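Here is a short report on how parts of one protein meet. Look over the sequence and the model first.

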Amino acid sequence: MISIRQRKGVKTTEVSEDYAAQEANVKLGNKLPSGYTIRRLWKFLSFTVGGTIALCIGLLTSVYLATLHENDLWFSNIKEVEREISFRTECGLYYSYYKQMLQAPTLMQGFHGLIYDNKTESMRTINLLQRMNIYQEVFLSILYRVLPIQKYLEPVYFYIYTLFGLQAIYVTALYTTSWLLSGTWLSGLLAAFWYVTNRIDTTRVEFTIPLRENWALPFFAIQIAAITYFLRPNLKPLSERLTLLAIFISTFLFSLTWQFNQFMMLMQALVLFTLDSLDMLPAVKATWLYGIQMTGLLLVCILQFFNSMILGSLLISFNLSVLIARKLQKNLKTGNFLNRLGKLLLHLFAVLCLTLFLNNIIKKILNLKSDEHIFKFLKAKFGFGATRDFDANLYLCEEAFGLLPFNTFGRLSDTLLFHAYIFVLSITVMAALAVAFHNLSDSTSQQPPGQMGKCTILLKPETAYNLIHTILFGFLALSTMRMKYLWTSHMCVFASFGLCSPEIWELLLRSIRLYNPKRICIMRYSVPILILLYLCYKFWPGMMDELSELREFYDPDTVELMNWINSNTPRKAVFAGSMQLLAGVKLCTGRTLTNHPHYEDNSLRERTKAVYQIYAKRSPEDVHALLRSFGADYVILEDSICYERRHQRGCRLRDLLDIANGHMMDGPGENDPDLKLAGHPRFCEEIKRNLPSYTAYFTRVFQNKTFHVYKLSRNK
């Protein structure tokens, strides 16, 4: 029988507590999605704002540099020959191939003219696509032919606007790298501001537009940004694959556009080797990057018709040696501190010996001598014996290949960049040393790929990579001024990242016992904003003045020379002279040259030294015989070289030739005891006296204040 009975008493407090708990859970459940949505919305908004600023500041930098170029030369108003002359030295040589491709009746004829070229070096047929990195000129010429822009845009503007457009990509990549490292786009903004305010030391694109580095460095910056992202732990498989693709494409394009790519990537490989050896980088990711470097370089080698200089590069030998040595030394990362240190030193020695062995074998097999001038230069530069080698001394005496001038640091300090860089560098170096010591001291078993030791929380893999990168490229810049542009641009990235990084401020505040999460937040945002305000206040007026300053290209002597050559010499005439001037002769007149500024070929270097005897103490018979051996019809003598005062004694071109020929140098000063008096006067001076011994071989056909052109007789 069913009955209804009274419920047992329930305390009201229990009911209220249970209800309150349930209500709290419901509220918390409602709050969680709401908070998550807000965070996602904030993240999306921050990404949108930061990305928009990156694109805008990249474009503004591009327009700024293009405007400076226009204001400096009045490029839109000067004649075509003046525009071409403004592409000085090797810049003119590279641009001439873009012009040559556009002037070819068809693309196939243009390609044929580059592959079987007999105008760049007289009496020789060379493959320009193999010898030089000019695929970018080929690509642009094809693009200009295909796109319907011929009516609206002149070829020269299409070319220079492309280069200035690449500067937008360059600045955006620097911005992105700094953002990735610090976690805030404010860091990228500061990096971009520093790049622009330190323009004198971060780029030279506005006055050396076609230079190979201006094509290559934007892709190099993209590669660094992609590597920085790739080294982040716990990436999703799809993100990792896409990042590897970005690294490969940027590495390939960087290698394709600059002949010195192998040396820059060798520095990168040394960064990876250092971090991998110290357990600051997952070995699997290092292996991927080694492989991408070699694959990209070998693909370029194929496109450059198996260029032997690439096959014989130190980079390929080094990367192969690292991978081989790692296989042979399987227990490299086990044992106590002293044990691991000993293994590490042995590993370093094995890699070094194997690299030199492989490189020597490859060069002997290929009979490679194209890059020996670089090693002669480095040997003399770092004090491993004096040299009388003409090519090595030619580099040693150029300011661009000298030590970084001290006043560079003064300019970088004016923008607070150098101070900020040293501040961030000091903290990260101390953190790196602590992490390295911890990793070498840790005798536990090896960690799974992609995971670092506990101490590495102080220094993330992507931070460690950029730290070693900036240190090695800093040493490169200090030793060779021309390479400072690789360092100073990354300096902007590294300094801005450090000022906006919570990890850097945490390390600093903990070390002085002032750690507080709120203080970190205040410091990482307030310091960059104050620096940005300072930069705007101090440099904005100067930048506006710079944009309003108008100048004009003026080089009447060179213009007169080019016009005379075009009007008074046969199209097939061969010209001899300085390699810098001859690049302009080829661009402006299309005449055949005896030599040119692209110096990465042993036979060309020997030819250049022979042609330069026009500035040495040689007889007219000898000079005539040398020039005629290269098929020269005309020789151009420059007073600025013959009576050079730009360099000090011992570094003037005529002095380098005298030393190489075993002759005593002109002027007061010491000479080596084994140098002898020359048996003949200096050719470039004596020929102007019109003595019979000279007029029998050379007839002056043109002269102005700067240049003297002589026609060579065809008699012996």
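The text below covers the domains and then one interface between them.

This is a predicted model. The protein divides into domain 1, domain 2 and domain 3. Their bounds are listed here.

| Domain | Residues |
|---|---|
| domain 1 | 94-103 + 137-152 |
| domain 2 | 162-443 + 457-536 |
| domain 3 | 556-712 |

Now take domain 2 and domain 3. Taken over C-alpha atoms, their centres lie 41 Å apart. The two domains touch: 15 residues of domain 2 are in contact with 21 residues of domain 3.

How much area is buried between domain 2 and domain 3? The value is about 1600 Å². Carbon and sulfur atoms give 58% of this area. On the domain 2 side, R388, F390 and C397 stand out. They supply 46% of the area that domain 2 buries against domain 3, more than any other three residues.

R388 forms a salt bridge with D672, and their closest N and O atoms are 3.0 Å apart.

Which helices build the domain 2 side? Both α17 (372-381) and α18 (390-396) supply at least two residues each. The largest share, five residues, comes from α18. By class, the side of domain 2 that touches domain 3 has six nonpolar, four polar and five charged residues.

Notes: Residues numbered from 1 in each chain as written. Predicted model: local features only at pLDDT ≥ 70, side-chain atom pairs only at ≥ 80, totals over all residues. Heavy atoms only, no water. Domains from an automatic or database assignment. Contact = heavy atoms within 4.5 Å. Buried area = accessible area lost by both parts, 1.4 Å probe. Salt bridge = Lys/Arg side-chain N within 4 Å of Asp/Glu carboxyl O. Helix = DSSP H or I, 4+ residues; strand = E, 2+ residues; numbered from the N terminus. Nonpolar A, V, L, I, M, F, W, Y, C, P; charged D, E, K, R; others polar.
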